[in-house]
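Visitor: Could we go through this structure together? I would like to ask about individual parts as they come up.

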Amino acid sequence: MANLRAIRLRIRGVKNIAKITRAMEMIAASKMRKAQDRGLAGRPYSQKITAVIAALSARSGGKAGHPLLEQRPVKKIAILHISPDRGLSGGLVGNINRATLAFSIERKSTPMKMVVVGKKGLDFMRRSQRNIVAEFTGLGDKPNLIDTIPISRIIMDDFKSGAVDEVYVAYSQFVSTLVQKPEIVKLLPVEPAQIPPQQNVEYIFEPDAAGVLGALLPRYIEMKVYHLILESIASEQSARMVAMRNATQNANELVGELTLEYNKARQESITSELLDIVGGVAALA
């Protein structure tokens, strides 16, 4: 009887866990769709400003026209590490943390600073004793551009002052609902994309191409950082939805196994009681 009671309690506990993980899966699915919509909404702007900057760079005499375009010998590097504030997202947190750590080990001969976004990445980098110069947590699931501008400003100020010579961003790229890939991309110095001749457009600039380029480049970096943070949020919610779905399925499978075990134990208990009764009757006879 004690064994049956323990199995019943365990079945009840696993069912409660399945209810919680199911609710978390539905919440993550809702947040994922919203994060995807926000990321997709910014793509046309991102593509257009990239094309305009490419044209501006060509018209203003190449990379010498603005500090954010300046190429110089790499003596110091900065990494913007973007991670979630919360866990329960499968292997996403571990994957992006390991990717950044591997990149820093690969470049260990070059002094490296880290700007960390997210509690999970911050905890990991502290344990790994990385050189953290700035940290940002609590951005939430729906940050606005104004919330991410301080991150962009720190990066741009360090680059323009010569405190760092290159800036990279480590984030989780949203490929699909089931696939989120850790990526490390170069952010600074800006390397404008080359426009195919058939897509080249003649712009009229006022006051001149260099002036417009100087005004647009900081906006471009701010938009780029914001977009990568949105992409990381979409990846986080997708990974959490899949992880909670798997947890729910595992819990339901465990309930089935425990129910079968409970029925077997109950049947054995009933059989044992019947044998006791038959044995008692036989003894009286």
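Visitor: To begin, which residues of helix H4 (residues 119-127) are buried?
Guide: This is a predicted model. In H4, the buried residues are Gly 121, Leu 122, Phe 124 and Met 125.

Visitor: Why do they lie on the same side of H4?
Guide: They cover an arc of only 165° around the axis, and therefore sit on the same side of H4. In general, an α-helix has 3.6 residues a turn, so residues three or four places apart point the same way.

Visitor: And what covers the buried residues of H4?
Guide: The cover includes strand S1 (77-82), helix H3 (92-106), strand S2 (112-117) and strand S3 (132-136).

Visitor: Take S2, then. How many of its residues are buried?
Guide: In S2, 5 of the 6 residues are buried, so the strand is largely enclosed by the rest of the structure.

Visitor: How many bridges join S1 to S2, and do the strands run parallel or antiparallel?
Guide: There are 6 bridges between S1 and S2, and the two strands run parallel. One of the pairings involves Ile 79, whose bridge partner in S2 is Met 114.

Visitor: What about the loop between H3 and S2: is Thr 110 buried or exposed there?
Guide: Thr 110, in the loop between H3 and S2, counts as buried because its relative accessibility is 16%, below the 20% cut-off. Leaving aside residues up to four places away in sequence, Thr 110 touches Val 74, Lys 75, Lys 76 and Ile 77.

Visitor: Changing topic to the backbone: what is the phi of Gln 129?
Guide: Gln 129 has a positive phi of about 60°, although it is not a glycine. Gln 129 is in the loop between H4 and S3, and at 71% relative accessibility it counts as exposed.

Visitor: And what is the phi of Leu 88?
Guide: For Leu 88, phi is near 55°, again a positive value in a residue other than glycine. Leu 88 belongs to the loop between S1 and H3, and it counts as exposed at 55% relative accessibility.

Visitor: Is the peptide bond from Leu 188 to Pro 189 cis or trans?
Guide: That bond is cis, with omega near -5°. Pro 189 is located in the loop between S5 and helix H6 (209-284).

Visitor: Last one, on the surface: which residues form a nonpolar patch?
Guide: Val 175, Leu 178 and Val 179 do, with about 280 Å² of accessible area together. Val 179 lies in the loop between strand S4 (166-174) and strand S5 (180-188), and counts as partly exposed at 40% relative accessibility.

Key:
Residues numbered from 1 in each chain as written. Predicted model: local features only at pLDDT ≥ 70, side-chain atom pairs only at ≥ 80, totals over all residues. Heavy atoms only, no water. Patch = residues over 30% accessible without salt bridge, like charges linked within 9 Å, V, L, I, M, F, W, Y side chains within 5 Å. Areas by Shrake-Rupley, 256 points an atom, 1.4 Å probe, with all protein chains shown as cover. Salt bridge = Lys/Arg side-chain N within 4 Å of Asp/Glu carboxyl O. Helix = DSSP H or I, 4+ residues; strand = E, 2+ residues; numbered from the N terminus. Buried < 20%, exposed > 50% of the residue type's maximum accessible area, 1.4 Å probe, protein only. Arc of directions from axis to C-beta. Contact = heavy atoms within 4.5 Å. Pairing = 2+ DSSP bridges.
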